[in-house]
Amino acid sequence: MAAVNLNILAENASRLGMRLQETFSEHTRDLPIGRGSGSAYLDNPEEKVKNIGRQLDSSSDREKLEAMKRLIALISRGRNVSEFFAQVVKNVASHNLEIRKLVYIYLLRYAEQEPDLALLSINTFQKDLSDPNPLIRAMALRVLSGIKVPTIGSIVVLAIRKCAADISPYVRKAAALAIPKIYHLDPAHQPELIKVISSLLKDQSPLSLGSVAIAFEAVCPTRLDLLHQHYRRLCRTLIDMDEWGQVDLLNLLVRYARVMLPRPIPTREGDASGLYEVDSDLKLLLTSAEPLFQSQNPAVVLAVARAFYYLGPPTELPKIVPPLLRLLHISPEIERVVLTNLVLVSSALSDVLAKSYTQLLVRADDPRQVKKDKVQLLRSVTNAENYPSLLREFICYVDDADDELVAQSIQAIGYIARIIPESTQQCLTALMSFIQSKHDVIVANAVLVLKSLVQIRMQQQQNVIAVGGLPPQTFSPLEIISRLARRIDDIRHPKARACVVWLVGQYASSLTPTENGAVSTPGPEGIAPWAPDVLRKLAKSFMQETSAVKLQVITLAAKLLVLCPTDRTLGLLYRYVCSLAQYDLDYDVRDRARMFRALLASVTAGLYGEADGDETRPEDLGGVVLRREQIKLVLFDGKATPTEDAPKDALALLSPASPSSAHVDAAEDDHGRFGSLAALTGRWTGGDGYLPDWLEEGTDSSLRDSDADMPQPPVAISQSSARSIGGPSSRASPVILTPAGGVSPSGSISRQDSGKAAYMDLDKFYEDAEETEESEESESGDDDDEEEEEGEEEEGDGSGEDAASLSEDDDGDEDGSEPGADGDEDGGGGDLNHVHGTTR
C-alpha cells in the first residue's frame with residue numbers, strides 16, 4: 001500500500017514539474033534568454049514551414065502568433081510566402097493585438113498580389129476604423145490604403161475623411177500619409193483629398209503636420225493659397241514637431257516664402273551699414289527655424305541652412321557655417337553630403353569658412369570624392385593669412401595616388417600664385433620642381449598651370465605697358481618658358497608637350513632685355529634663342545609624336561618662319577616638317593600642313609632657290625595671297641587672351657557630381673540646388689525642392705491674419721507687465737478709495753499691486769485677516785462716529801480685505817487723508833491704523 005502511494009506521489013510530482021515547466025516556458029518565451037528572442041524564428045527548416053498552415057488554422061493564439069512571426073521572418077529573408085495569404089486573412093479579426101499587427105504587416109506586403117482575397121477583409125478593416133485602440137485604427141487605414149485596387153478608391157477616401165477627424169493625432173497622421181497613396185492610385189479623387197488636406201492643416205497637434213506637408217506636396221503642390229491662414233501657426237509649431245516632419249514642413253514653407261513673401265531689400269543706407277528690410281512673416285520663419293540648427297538630425301540642420309541661404313539676407317548667411325561644420329564628424333556619408341553643399345556656398349562664405357579651414361584638411365582615409373571637395377573648399381578659402389599653410393598642404397597632396405586629386409592640388413597652387421602676389425615665387429618654385437617628377441600626371445598638370453600663369457602675366461605686362469607703366473618684377477614669364485623649353489625632352493605627357501610647344505611658338509618673338517637694356521641673342525634675328533632648338537629636337541622625333549604634338553610642331557615651324565623668313569635653316573626645318581606631315585596617317589595633321597603651305601606661300605617663295613621645282617611663285621598662285629604682316633596677325637593675335645579662372649583642363653577634371661565652387665550672388669538662379677539631391681547628382685529629380693524666383697512684391701500680409709494671431713500682442717504686453725509686478729514702475733494707474741464727499745488721499749496706490757507686494761505668504765495673509773476681523777468686533781460699539789467708519793470699511797470690503805494696505809510706503813499720509821478722521825483718537829482711526837500696521 002505504501003508503495004502504491006509513493007508511486008502516485010511520484011507521478012503527481014512529475015506532472016506538476018512538467019506543468020511548471022510549460023508555464024515557465026509560456027511566460028518567458030518572449031524574453032531574450034540565451035540567444036535573441038527573434039533569432040529562433042529565422043531558423044526555419046522545411047518541416048516548420050509546413051506546419052505554419054496548421055498553426056494558422058489552430059484555435060490557440062499562441063500557435064497563430066508563432067506562425068505569424070515565422071512568416072514575417074521569412075518575408076524579411078526575401079522568401080515568397082504568399083501561399084498562406086488565404087489562411088492569414090482569416091485571422092484579420094483576431095482579438096489578440098499582437099496577431100492582428102502581424103496580420104496587417106503581412107497584408108501590406110501581399111495585398112497587391114492578391115487583390116481579390118484582400119477585398120474579402122475590407123469589412124473587417126472598416127470595423128477596425130472604429131476600434132477603441134488608436135493603433136488598430138491607424139493600422140487598419142494603412143492596410144486599407146495599401147490595397148492598390150482602384151475600385152475601392154471611394155471607400156478609402158471615406159475612411160481617410162473619417163480618420164482625419166479622429167481624436168488621436170496618430171490616426172490623423174496615418175490619414176495624412178494615406179492621402180498620397182490614394183491620389184497616385186486614382187487622381188480623380190483630388191478635389192475631395194484637397195478638402196481633407198485643408199481640414200488637416202487646421203490640426204493643432206505637431207505630430208501630424210509633417211505628414212500633412214507630405215500630402216500637400218504630393219496632391220496639390222501649387223495650391224499655396226491654402227497655407228495663408230495657417231502660415232504663422234506652422235512657423236511657431238516647427239520647434240515642437242518630429243525631426244522628419246520638420247524637414248518636410250520647412251521645405252514647404254521655404255517654397256511658400258519664395259512665392260508669397262517679399263524679398264529682403266537693402267535699406268537706404270544698406271550699402272554702408274549692411275542693413276536689410278525683412279518682411280515680418282519672413283522674419284518669423286527664420287526666427288522659428290534658427291533653434292533647429294542645434295538638432296541632432298543632419299537632415300534638419302541642412303533644411304534650416306537651406307532656408308537661411310535662400311530666404312535670409314546676406315547678413316544672416318554666416319549662421320549656416322558652424323552647424324554644417326558640426327556635421328562633418330558624424331559619418332562619412334553625411335560628410336560627403338555636407339561638403340558638396342559647402343562647395344556651392346564657398347565663394348559667398350569664404351571669409352567665414354577660412355576661420356575653420358583646419359576642419360577641411362584632407363585625411364588619408366577620406367573617400368575620393370570627399371578629398372576632391374575638400375581641395376575645392378581649401379582653394380576657395382585661401383587668403384593672405386592662411387596661404388602658407390594651405391600651400392604646404394597642396395604640395396603634400398601632389399603625392400597622392402589619385403590622379404584627379406593631384407591635378408586639383410596643382411591647379412590650386414597656380415590659383416594661389418594668381419590671387420596672392422606674395423606667394424608667386426613659392427608657387428613657381430613648387431611648380432618647376434614638379435616638372436622633374438617621374439610621374440607624367442604631375443608634370444602634365446604643372447605645365448598646364450605654368451602655361452596659364454605665363455599667359456596671365458604676359459597679358460598683365462602688356463596692359464601695364466600700354467598705359468605707360470612699368471611691369472611688376474615678381475617673376476619673368478619668358479624665364480619660365482625658357483626653362484620649359486630646355487626640358488622638353490623630359491616632358492613626355494602629350495598634352496604637356498603640346499602646351500610647351502605652343503608657349504615656345506607664341507612667345508618666341510618676346511626677347512628679355514639684359515641689365516644694360518640691350519637685347520642680345522645668338523639665334524635668328526627677332527627670335528628667342530631657345531625656340532629654334534625646340535623645333536630642331538621635335539623635327540627629329542616628329543614621326544614618334546602624338547597627333548596633338550604634331551599639330552603644334554607644324555604651327556611652331558610656321559610661326560618661326562614668319563618671324564624670320566630670311567633664315568634658311570628655319571626654312572629647311574619648316575619644309576622638312578611639312579613634308580613629313582603630308583604623308584601622316586592623321587588627316588588633321590595632313591590638313592594642317594596643307595593649310596600652312598598655302599598660307600605661307602608668299603613667305604616661302606624663292607626661299608629655297610631655283611633648284612626647288614616644287615615651290616610655287618607668288619604670281620602663279622590663285623586667289624588671295626597674304627603679306628607677311630597679315631600672316632603674323634593670323635598666327636599670333638587673338639591667341640593669348642587668358643582667363644583669371646581655373647584652366648579649362650582643370651575644369652574638365654571635375655565630375656558632374658562636383659559642381660563648381662563659383663557661387664551666383666542671386667541665389668534664385670540655381671533654383672534651390674543647395675540642400676537638394678541635385679547638388680550630389682548634378683541633375684534635377686522629381687523629389688527635389690525646385691524653388692521658383694522671387695516675386696516683385698509679396699502678397700498682402702492680411703491674408704495670413706487669423707483669429708489665433710489677433711490676441712497675441714495684448715498677451716505679450718500682459719506677460720511682460722506681470723514679470724515687473726512689485727516694482728515702482730508698475731504703479732501706473734493707482735486705485736483710490738475715497739469716502740463719499742471726501743478728498744482723495746495722496747500717495748494711494750493700486751490695491752492689486754500693493755497686495756501682491758505686501759503678501760508673499762498665504763498663511764500670513766489669513767493671519768492678518770483674522771486679526772483685522774477681531775479688532776472690528778471689539779470696537780463696534782464705541783461711539784457714533786464709529787458707524788460712519790464701519791460703513792467705509794464695508795465699502796472697502798467689496799474690493800478685498802487687504803485694501804487697507806494701500807498706503808504702506810508713507811505713514812504720514814493717513815492723518816488727514818479723510819475728513820472725518822482728523823485728530824480722532826477713537827476706535828475708527830485706531831482701527832484703520834491697526835490694519836495698516838498688520839499689512840506692512
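The following questions and answers concern a predicted model of a protein.

Reader: Which secondary structure elements does the protein have, and what share of its residues is buried?
Author: The secondary structure of this predicted model comes to 41 helices and two strands. The protein has 840 residues, and the share of them that counts as buried is 45%.

Reader: Among contacts between residues at least 6 apart in sequence, what percentage joins residues at least 24 apart?
Author: The contacts considered here are those in the protein between residues at least 6 apart in sequence. Of these contacts, the part that joins residues at least 24 apart is 68%.

Reader: How much accessible surface does the protein have, and what percentage belongs to carbon and sulfur atoms?
Author: The accessible surface of the protein comes to about 43,200 Å². Within that surface, the part that belongs to carbon and sulfur atoms is 53%.

Reader: Is Ser-145 buried or exposed?
Author: Ser-145 lies in helix H9, which covers residues 134-146. Its relative accessibility is 7%, and because a residue must fall under 20% to be classed in this way, Ser-145 counts as buried.

Reader: Which residues is Ser-145 in contact with, leaving aside its neighbours within four places in sequence?
Author: Ser-145 and Ala-178 are 33 residues apart in sequence, and their C-alpha atoms are 5.9 Å apart in space. With the neighbours within four places left aside, the residues in contact with Ser-145 are Val-156, Ala-178 and Lys-181.

Reader: Are helices H11 and H13 roughly parallel or roughly antiparallel?
Author: The axes of H11 (residues 169-185) and H13 (residues 206-219) come within 8 Å and cross at roughly 10 degrees. Because angles under 35 degrees fall in the parallel class, the relation of H11 to H13 is roughly parallel.

Reader: How many nonpolar, polar and charged residues does the contact of H11 with H13 have?
Author: The crossing of H11 and H13 is left-handed. The residues that make the contact include Ala-176, Leu-177 and Ile-179 of H11, together with Val-212, Ile-214 and Ala-215 among those of H13. By class, the contact of H11 with H13 has 13 nonpolar, two polar and two charged residues.

Reader: Which residues does Val-212 touch, not counting those up to four places away in sequence?
Author: Val-212 has its place in helix H13, and at 2% relative accessibility Val-212 counts as buried. The C-alpha atoms of Val-212 and Ile-179, which are 33 residues apart along the chain, are separated by 8.9 Å. Not counting residues up to four places away, Val-212 touches Ala-176, Ile-197, Leu-200 and Leu-201.

Reader: Are H30 and H31 roughly parallel or roughly antiparallel to each other?
Author: Helix H30 (residues 547-563) and helix H31 (residues 568-582) pack at an angle of about 150 degrees, with their axes 9 Å apart. Because the cut-off for this class is an angle over 145 degrees, H30 and H31 are roughly antiparallel.

Reader: How many charged residues does the contact of H30 with H31 have?
Author: In this left-handed crossing of H30 and H31, residues including Val-553, Ile-554 and Ala-557 in H30 meet residues of H31, among them Leu-570, Gly-571 and Tyr-574. By class, the contact of H30 with H31 has 10 nonpolar residues and one polar residue, while the count of charged residues is given by the word no: no charged residues.

Terms used:
Residues numbered from 1 in each chain as written. Predicted model: local features only at pLDDT ≥ 70, side-chain atom pairs only at ≥ 80, totals over all residues. Heavy atoms only, no water. Helix = DSSP H or I, 4+ residues; strand = E, 2+ residues; numbered from the N terminus. Buried < 20%, exposed > 50% of the residue type's maximum accessible area, 1.4 Å probe, protein only. Contact = heavy atoms within 4.5 Å. Areas by Shrake-Rupley, 256 points an atom, 1.4 Å probe, with all protein chains shown as cover. Axes fitted to C-alpha atoms, helices over the stretch in contact; angles between N-to-C directions. Parallel < 35°, antiparallel > 145°, perpendicular 65-115°, else oblique. Left-handed = near helix turned anticlockwise from the far one by under 90°. Nonpolar A, V, L, I, M, F, W, Y, C, P; charged D, E, K, R; others polar.
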